[in-house]
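Biologist: I would like to learn how to read a model like this one, feature by feature. Where do we start?

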Amino acid sequence: MFRFKQFSVDQTNCAMKINTDGVLLGALTEANDPGNILEIGTGTGVIALMLAQRFPSSIVDAVEIDEAAAQTAGRNFQDSPFADRLNIFPLPIQGFFNEYPDRKYDLIVSNPPFHLNSLESPKAGKSLAKHTDGDFFEDLIMGVAKHLTENGTCWLILPFQAAELVNDIAGRSGLYLQKKITVHSFEVSEPHRKIIVFGKKREEIMEDKFVVYNEPKVYSEMYISSLKDFFTIF
């Protein structure tokens with residue numbers, strides 16, 4: 001059980017546990033009072049819960065292909081103060097989009113599988129959660145393009161190789177890169193993740209840098225500031 005300031009997250013039966021990528025996406029995502037939010041691949045449900053806390057007028061739909069993880073996320077939603085605004089759908093993303101073809105979202109977020117064409121993990125659950133190929137991202141971005149509102153945005157956190165692939169797919173799907181944030185462990189280290197933001201409008205691309213640590217085991221001020229509304233240690 002991972003306890004946040006306003007909610008708790010049970011991680012039972014979830015192959016992918018709470019991690020830095022997920023909480024950063026939940027904390028850094030920006031939107032102008034989104035009415036409807038979609039999280040793709042919710043796992044424990046932590047990102048959906050963070051967004052429900054940050055955007056108190058929103059309805060958050062969360063999709064999770066792993067049935068056991070979806071059940072855990074559903075329990076976490078029901079036990080939270082935001083239960084009436086959170087919905088879980090135990091479906092693959094393409095199945096969700098096919099079942100709800102008319103739904104539109106002001107904000108879509110995902111911390112998706114990212115090990116492109118790599119060897120599968122020996123643990124089936126973790127393999128499902130972490131491994132994918134280009135077809136997954138084709139389905140993801142094509143679905144986003146159809147279900148995003150005109151002023152909506154899609155926020156993804158990915159390693160650089162996957163981010164480059166997604167950027168190419170988005171360009172072919174009528175989406176434009178609007179912002180990118182490079183994530184670094186330390187100020188002088190090479191970036192290991194990229195947060196990329198897409199929308200239907202062509203805008204000047206904003207660029208930013210996020211540093212997690214000042215030194216080993218010492219969080220940066222930007223990390224503390226971003227997570228202080230969530231983590232009990234801050």
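Biologist: Is Lys217 buried or exposed?

Modeller: This is a predicted model, so read each value as computed from it. Relative accessible area decides the class, and over 50% counts as exposed. Lys217 has 81%, so this residue is exposed. Lys217 sits in the loop between β13 (213-215) and β14 (218-219).

Biologist: What is the phi of Lys217?

Modeller: About 70°, a positive value, although Lys217 is not a glycine. Asp33 is another case, with a positive phi near 50° in a residue other than glycine. Asp33 lies in the loop between α1 (20-28) and β3 (36-40), and with a relative accessible area of 55% Asp33 is exposed.

Biologist: How many aromatic pairs does the structure have?

Modeller: Searching the whole structure gives 18 aromatic pairs. Take Phe2 and Phe4: their ring centres are 4.8 Å apart and their planes meet at 35°, so the pair is tilted. The class follows because planes under 30 degrees apart would count as stacked and those over 60 as edge-to-face.

Biologist: Which residues do ring pairs link into a cluster with Phe2?

Modeller: Among them are Phe4, Phe7, Phe82, Tyr213, Tyr219 and Phe231.

Biologist: Which charged residue lies over the face of Tyr100?

Modeller: Arg103, at 4.2 Å from the ring centre.

Biologist: How many disulfides does the structure hold?

Modeller: A disulfide is a covalent bond between the sulfur atoms of two cysteines. The structure holds zero of them. As for individual cysteines, Cys14 is buried, with a relative accessible area of 4%, and Cys154 is buried at 0%.

Biologist: How do I check a helix, and what span should α3 have?

Modeller: Compare the expected span with the distance between the end C-alpha atoms. Helix α3 (residues 67-78) has twelve residues, and at 1.5 Å a residue they should span 16 Å; the end C-alpha atoms are 16 Å apart, so the two agree. At the start of α3, a side-chain oxygen of Asp66 comes within 3.0 Å of the backbone nitrogen of Ala68.

Biologist: Which residues of α3 are buried, and what do they pack against?

Modeller: The buried residues of α3 are Ala69, Ala70, Thr72, Ala73, Gly74, Asn76 and Phe77. These buried residues pack against β2 (8-9), α2 (46-54), β4 (59-63) and β5 (86-89).

Biologist: Last, a loop residue. Where is Glu203, and which residues does Glu203 touch?

Modeller: Glu203 is in the loop between β11 (191-199) and β12 (206-211). Setting aside residues up to four places away in sequence, Glu203 touches Leu177 and Gln178. At 45% relative accessibility, Glu203 counts as partly exposed.

Note on methods: Residues are numbered from 1 along each chain as its sequence is written. This is a predicted model: local features need pLDDT of at least 70, side-chain atom pairs count only at pLDDT 80 or more; totals for chains, interfaces and linings use all residues. Side-chain values use heavy atoms; hydrogens and water are left out. Rings of Phe, Tyr and Trp (its six-membered ring) pair if their centres lie within 6.5 Å; planes under 30 degrees apart count as stacked, over 60 as edge-to-face and the rest as tilted. A charge sits over a ring if NZ of Lys or CZ of Arg is within 6 Å of the ring centre and within 35 degrees of the ring normal. Helices (H or I, at least four residues) and strands (E, at least two) are DSSP runs, numbered from the N terminus. Buried means under 20% relative accessible area, exposed over 50%, partly exposed in between (1.4 Å probe, protein chains only). A disulfide is a pair of cysteine sulfur atoms within 2.5 Å. The expected span of a helix is 1.5 Å times one less than its number of residues. Contact means heavy atoms within 4.5 Å. A polar contact is a pair of N or O atoms within 3.5 Å; within protein, one must be able to donate a hydrogen and the other to accept it, and residues adjacent in sequence count only if both atoms are side-chain atoms.
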